[in-house]
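Subject: Model for your files

Hello,

Here is the model I said I would pass on. My notes follow below it.

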Amino acid sequence: MLENRITLSIADWSLNLSLDECDAPARSRLLDRYAAFCVPYQPDAPTVRVRVESGADFIPIAGAAVWQIRTARRDQRIEFESHFERGWFDRAAGQGDLTLRPKGVIENYLRVLYAWFALEHNSLLLHACGILRDGRGYVFFGPSGSGKTTTALLSAAHTILSDDLVIIKRIGQEFHVCGVPFRGDLPEAPRTNASAKLGGLFALAKETRHYLTPLALPDAVAQLARCVPFVMGQPEHARRVTDICFDLAQRVPVRTLHFRRDDGFWSVIDDHQLARGA
Amino acid sequence: MDLSKRPTPHPQVAARVVDGSAIVILADTAEVNVLNPVGTRVWELIDGTRTVQDIVQHIVAEYAVSDAQAAQDVQSFLQTLLDANAITLH
């Protein structure tokens, strides 16, 4: 028998999903999708009530040029709306509500929520490919088309956290990279619930050979901030993102990785780490 | 552009100067811009009290540039910021 609730733990931030108003197939899909991130029920964690309801699209899909996600934060309340999903989350009350149309999925709501959870903990949800290698975390970031999925495909010998999104979590004076169950263009890749101390941050640039170039601090901060989704809509939050990116870029080396389509870029990174004594 | 107007950062803008370069974020569009050193200096001078003319005079005093060139460059830069909704003019 399927549970009528599941608890997710992403970057060690737990969230209960109450599924009383979801049918068995919907619950089964959720369990399959997020199995690696499910933990025993956490009574103190916030709870989101999820329901599936027939009805009109929340944002009409017909004629939409791009997939739309509207989100806003007013004080402690986060609003969320997409074509087949509408919900909210009240941080102070520790409660949320999500209505899905039958075609809807919970993933984008979770992405938005965890982007805010991260920001509240001086951490970031970042558009990036995350790889664990020899006990260290490596993050390759950039906009769509920059090569995040390619980098993940070329790193199959290592642990792929994600080809699209990772959480950069501040723990004490260090930053760690944490896997998330959110996936980009590699839907069949494992969703790894793991983390490691961050060993390097690399802005991706497609090239004909492999090499690293330094990135000036302002450019590093700006390039990182450009890869932070959902939470930049208000100036006070954008300022906070900038501050975290500044802190991150000061503590972890940021380089531009110029790379071609083979795994030789790891040798360049190894040489760089060796030279740093890391 | 009226040189007696006073530019001020738009309320929807977040900015921070890092190592001599201003990072200016337009929160409405999540657009992140890095200004060059002169742009950064102009940005620092945009505080809602100085006029466009005041800013031009600062740039003339601090950089090897003529009055006419500074006036042209500053106005052009301010117009770019205005078009991007990064500042308002009062």
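At roughly what angle do the axes of helix 1 and helix 2 of chain B cross? This is a predicted model, and in it the crossing comes out at roughly 140 degrees, with the two axes coming within 10 Å. Helix 1 of chain B covers residues 37-45 and helix 2 of chain B covers residues 52-62. Angles over 145 degrees would count as roughly antiparallel; the two helices are therefore oblique to each other. The crossing is right-handed.

On the helix 1 side of chain B, the contact is made by B:Arg41, B:Val42 and B:Leu45. Helix 2 of chain B brings B:Ile55, B:His58, B:Ile59 and B:Glu62 to the contact. Sorted by class, the residues of this helix contact are 4 nonpolar, 1 polar and 2 charged.

Chain B also has a hairpin. Strand 3 (residues 21-26) and strand 4 (residues 31-34) of chain B pair in the antiparallel sense, over 4 bridges. One bridge joins B:Ile25 to B:Val32, the latter in strand 4 of chain B. There are 4 residues between the two strands, and B:Ala30 in the turn has a positive phi of about 60 degrees.

Next, the domains of chain A. The domain assignment gives domain 1 as 5-115 and domain 2 as 124-276. Their C-alpha centres lie 26 Å apart. Across the boundary, 14 residues of domain 1 of chain A are in contact with 16 residues of domain 2 of chain A. On the domain 1 side, the elements giving two or more residues are helix 1 (24-34), strand 5 (69-74) and helix 2 (107-120) of chain A. Helix 2 of chain A has the largest share of that side, with 5 residues. By class, the domain 1 side has 9 nonpolar, 1 polar and 4 charged residues.

Last, the contact between the chains. Here 16 residues of chain A are in contact with 14 residues of chain B. Two helices of chain A, helix 4 (217-226) and helix 5 (235-251), each supply at least two residues of the side that touches chain B. The largest share of that side, 7 residues, comes from helix 4 of chain A. The side of chain A that touches chain B divides into 10 nonpolar, 3 polar and 3 charged residues.

Regards

Technical notes:
Residues are numbered from 1 along each chain as its sequence is written. Chains are lettered from A and ligands numbered from 1 in the order in which they are written. This is a predicted model: local features need pLDDT of at least 70, side-chain atom pairs count only at pLDDT 80 or more; totals for chains, interfaces and linings use all residues. Axes are lines fitted to C-alpha atoms, for helices over the stretch in contact, and angles run from 0 to 180 degrees between N-to-C directions. Angles under 35 degrees count as roughly parallel, over 145 as roughly antiparallel, 65 to 115 as roughly perpendicular and the rest as oblique. A crossing is left-handed if the near helix is turned anticlockwise from the far one by less than a right angle, and right-handed if clockwise. Two residues are in contact if their C-beta atoms, placed from the backbone, lie within 7 Å. Ala, Val, Leu, Ile, Met, Phe, Trp, Tyr, Cys and Pro count as nonpolar, Asp, Glu, Lys and Arg as charged, and the others, Gly among them, as polar. Domain bounds come from an automatic or database domain assignment. Two strands pair if DSSP finds at least two bridges between them.
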